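Here is a short report on one chain.

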Amino acid sequence: MIRFLVIGHRAHTTADFKLDDICGGAGRLDILCRCVNSAFFLSHDLRKDVELLLVLEGGEDAPKTVRFRGDELRYLNPDERSTASLIRNALMKRVGDEEVRSSPGVYISRRSFGDVIGSLKGECTFVYMREGGQDVRDYEFPKDPCFIMGDDRDPDEEEESVIGSVGADRISLGPVSLHANHCMVIVHNEMDRRRAA
Ligand SMILES: C[S@@+](CC[C@H](N)C(=O)[O-])C[C@H]1O[C@@H](n2cnc3c(N)ncnc32)[C@H](O)[C@@H]1O
């Protein structure tokens, strides 16, 4: 299983935004929607062996985590607006202690970044994507990686200390700063090529 975990530092945790205003009113939810696209879409299929966790840290009801499972996903289209609608539907769900399914392959919970990392310990190897880390081309991907990345902001000090506490590998995709969803495409491509070799 390939996992991506993206921290949406201002992404809204209530469903009070308009689908026409996901950049502003929803706290840069547009970035997370593009991550959904890049994590799952192939030209004519979806990647079934991928799970994407979006930690939403903005708005009145933070934190919440929306989890997408490639092997169950339905009603996912490539455009940002319909993806934002799936996320907004998830945010309309009443969530208590347990994770709730809002549509096929989409789940929501009250988990924070630290909670998500804690719940994945032992199930995956954490890989922190950062400029200045070990070059991905010299990196042997683990069997069940969980790639951690920021949205338009890097993980803050507290989040970095959580990442440090699980001994994440720190991996770079090259010398320039990229968008998070572009990082996903490159990571997928590197893994695809090595699987095919
Ligand atoms: C838009 S960047 C965040 C801000 C960016 N670090 C900057 O200084 O402009 C989004 C995320 O993508 C990942 N990222 C961006 N460029 C990268 C690179 N060259 N190598 C590995 N990860 C990268 C990091 O996780 C980063 O937090």
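Strand β6 is the top contributor to the lining of the largest pocket, giving three residues. This is a predicted model. The pocket holds about 300 Å³ of space. Its lining counts 19 residues. Nearest the pocket centre lie M129, E131, D154, L178 and C183. By class, the lining has nine nonpolar, four polar and six charged residues.

**Overall layout**

The chain has five helices and eight strands. Read from the N terminus, the order is β-α-β-β-α-β-β-α-β-β-α-β-α. The C-alpha trace spans about 45 × 40 × 30 Å along its principal axes. How does the radius of gyration of the chain sit against that of a compact globule? For 197 residues, such a globule would have a value near 16 Å, and the chain has 16 Å, so the two agree.

**Helix packing**

| Helix pair | Axis distance | Angle |
|---|---|---|
| α1 and α2 | 9 Å apart | about 100 degrees |
| α3 and α4 | within 10 Å | roughly 10 degrees |
| α1 and α5 | within 8 Å | roughly 5 degrees |

Take α1 (residues 29-40) and α2 (residues 80-91) to begin with. Their axes lie 9 Å apart, at an angle of about 100 degrees. Helix α1 is therefore roughly perpendicular to α2, because angles of 65 to 115 degrees count as such. On the α1 side, the contact uses L29, D30, C33, R34 and V36. On the α2 side, it uses E80, T83, A84 and I87. The contact residues of α1 with α2 divide into five nonpolar, one polar and three charged.

Helix α1 also packs on α5. The axes of α1 and α5 come within 8 Å and cross at roughly 5 degrees. That makes α1 roughly parallel to α5. Which residues meet here? From α1 come R34, C35, S38 and A39. From α5 come A180, N181, M184, V185 and H188. This contact has five nonpolar, three polar and one charged residues.

The remaining pair in the table is α3 (residues 113-120) with α4 (residues 157-165). Their axes come within 10 Å and cross at roughly 10 degrees. Helices α3 and α4 are therefore roughly parallel to each other. Helix α3 brings F113, G114 and I117 to the contact. Helix α4 brings E159, V162 and I163. By class, the α3 and α4 contact residues are four nonpolar, one polar and one charged.

**Local backbone features**

Two loop sites deserve a look. Where does the cis peptide bond fall? This bond joins A62 and P63, with omega about -5 degrees. P63 sits in the loop between β2 (50-58) and β3 (64-69).

The other site is R28. Its phi is near 60 degrees, a positive value in a residue other than glycine. R28 lies in the loop between β1 (2-12) and α1.

Terms used
Residues numbered from 1 in each chain as written. Predicted model: local features only at pLDDT ≥ 70, side-chain atom pairs only at ≥ 80, totals over all residues. Heavy atoms only, no water. Axes fitted to C-alpha atoms, helices over the stretch in contact; angles between N-to-C directions. Helix = DSSP H or I, 4+ residues; strand = E, 2+ residues; numbered from the N terminus. Parallel < 35°, antiparallel > 145°, perpendicular 65-115°, else oblique. Contact = heavy atoms within 4.5 Å. Nonpolar A, V, L, I, M, F, W, Y, C, P; charged D, E, K, R; others polar. 1 Å grid on protein atoms, 1.4 Å probe; cavity = no way out; pocket = protein on both sides within 12 Å on 5 of 7 lines; lining within 4 Å. Points joined across faces, edges and corners; volume = space filled by probe spheres on them. Rg over C-alpha atoms; globule rule 2.2 N^0.38 Å.
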